[in-house]
Amino acid sequence: MNAPAPRAQVQSFAVRFDYPVVFTRGVFDPGNPALAEVLARRAADRRRVRAALFADAGLVTAWPDLMERAAAYFRAHADRIETVGSPRVVPGGEPIKNDPRFAWKLADELLRAGLDRHACVLVAGGGAVLDAVGFAAALPHRGLRLVRLPSTTLAQADSGVGVKNGINRGGVKNALGVFAPPFGVVNDLDWLRTLSDADWMGGVAEAIKVAVIRDAAFFRELGALAPDLRRRDDAAMERAVRRCAELHLEHIRAAGDPFEQGTARPLDFGHWSAHALESLSRNRVGHGAAVAFGIRLDTRYAWRRGWLDAAAADAVTGLLDRCGFPKWHTALERRSRDGRPAVLEGIERFREHLGGRLALTFPRGIGVAFETDEADPALVERCLDELRQAARQ
């Protein structure tokens, strides 16, 4: 007898995720209920929520009384929050993502502290710290509740409101990671005031990116706001950060692929070279500046391919210039063994991330994007040469 044909039972189910994204000021002011409400939003039977706080060393340096403020806040809300251990300061910047030992050690600490899946891990800091602590928090018990308190324009506008957590490995940015939506996000706009000029403008690069491919009206608004952004106007930055975050949240909610199971990364316009540039510079070039250059390169490439007209390309480049982003970085002059620009390796890194099939996002006009699986290395190299020459003029 012939064996019966195998039959597959297809399992299909949907899971609803929801998390609040709050913009506020004075997050650790005892009279501000925002953080307490986020932490306790699913507390059953008025049970106190157990929470552990980790803070970016750079944020603590900029705000020396931060830990005392946090402790006072938790005391004021002791009816709703039970702190676990003392608030801990962790290293900031990309080095925390480059050392996988940090994530494993932190995961062990969370287990030893007895945090369960109804407890919260609070992390305050820039995008790198949010990523690393978020990755560690996703490991114990298959995931603790993560509450992010982003402290940079980049994190408040982009990475801090999304669903990704990751660390670097072997020089590859975010080579290890998980998709794990946060339990909540609380953005303290006051924290932006102490950023360096480079970090202050870092989030603007992401705002320009998403405006170019998603929102022409926002692009025009950023053009009008550029002088105010450069002179560190609070209201201008709040508008840029809020709208950028809204567009990212809209994509996660409505695009149908929040965990990137498909073949594209639609919001990563300009990012294939940005990630490569960060690695080539050993993170001396920050993410915002790297994204700004990636936008320059991909905009020029789109123009050379005939996908973008000269007026639109000039508008994008002009906005980057008015925002003061560098036009060139010496790390881009590094060469691979075959003599080609080393930054081109970023294309293959993107291909690997996407399961072997390349899908890059380019603009067809301001506010209009499309995806292609083609990238002409010779034309990319030509665009690099043109950008280098233009920067020297």
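**Exercise 1.** How are helix 5 and helix 6 oriented to each other? Determine the answer for this predicted model.

*Solution.* 
Step 1. Identify the elements: helix 5 spans residues 100–112, and helix 6 spans residues 127–137.
Step 2. Take the geometry of the pair: the two helices pack at an angle of about 50°, and their axes lie 8 Å apart.
Step 3. Classify the angle: angles under 35 degrees count as roughly parallel, and 65 to 115 as roughly perpendicular. Helix 5 and helix 6 are therefore oblique to each other.
Step 4. Assign the handedness: helix 5 and helix 6 cross in a right-handed sense.

**Exercise 2.** Is Arg 388 buried or exposed? Describe its surroundings.

*Solution.* 
Step 1. Locate the residue: Arg 388 belongs to helix 15, residues 377–392.
Step 2. Apply the cut-off: buried means under 20% relative accessible area. Arg 388 counts as buried because its relative accessibility is 16%.
Step 3. Examine its side chain: a polar contact of 2.6 Å links the side chains of Arg 388 and Asp 385.
Step 4. Set aside neighbours within four places in sequence: Arg 388 is then in contact with Trp 328 and Glu 333.
Step 5. Compare sequence with space: Lys 327 and Arg 388 are separated by 61 residues in sequence, while their C-alpha atoms are 7.8 Å apart.

Notes:
Residues numbered from 1 in each chain as written. Predicted model: local features only at pLDDT ≥ 70, side-chain atom pairs only at ≥ 80, totals over all residues. Heavy atoms only, no water. Helix = DSSP H or I, 4+ residues; strand = E, 2+ residues; numbered from the N terminus. Buried < 20%, exposed > 50% of the residue type's maximum accessible area, 1.4 Å probe, protein only. Contact = heavy atoms within 4.5 Å. Polar contact = N/O pair within 3.5 Å; in protein donor to acceptor, adjacent residues only side chain to side chain. Axes fitted to C-alpha atoms, helices over the stretch in contact; angles between N-to-C directions. Parallel < 35°, antiparallel > 145°, perpendicular 65-115°, else oblique. Left-handed = near helix turned anticlockwise from the far one by under 90°.
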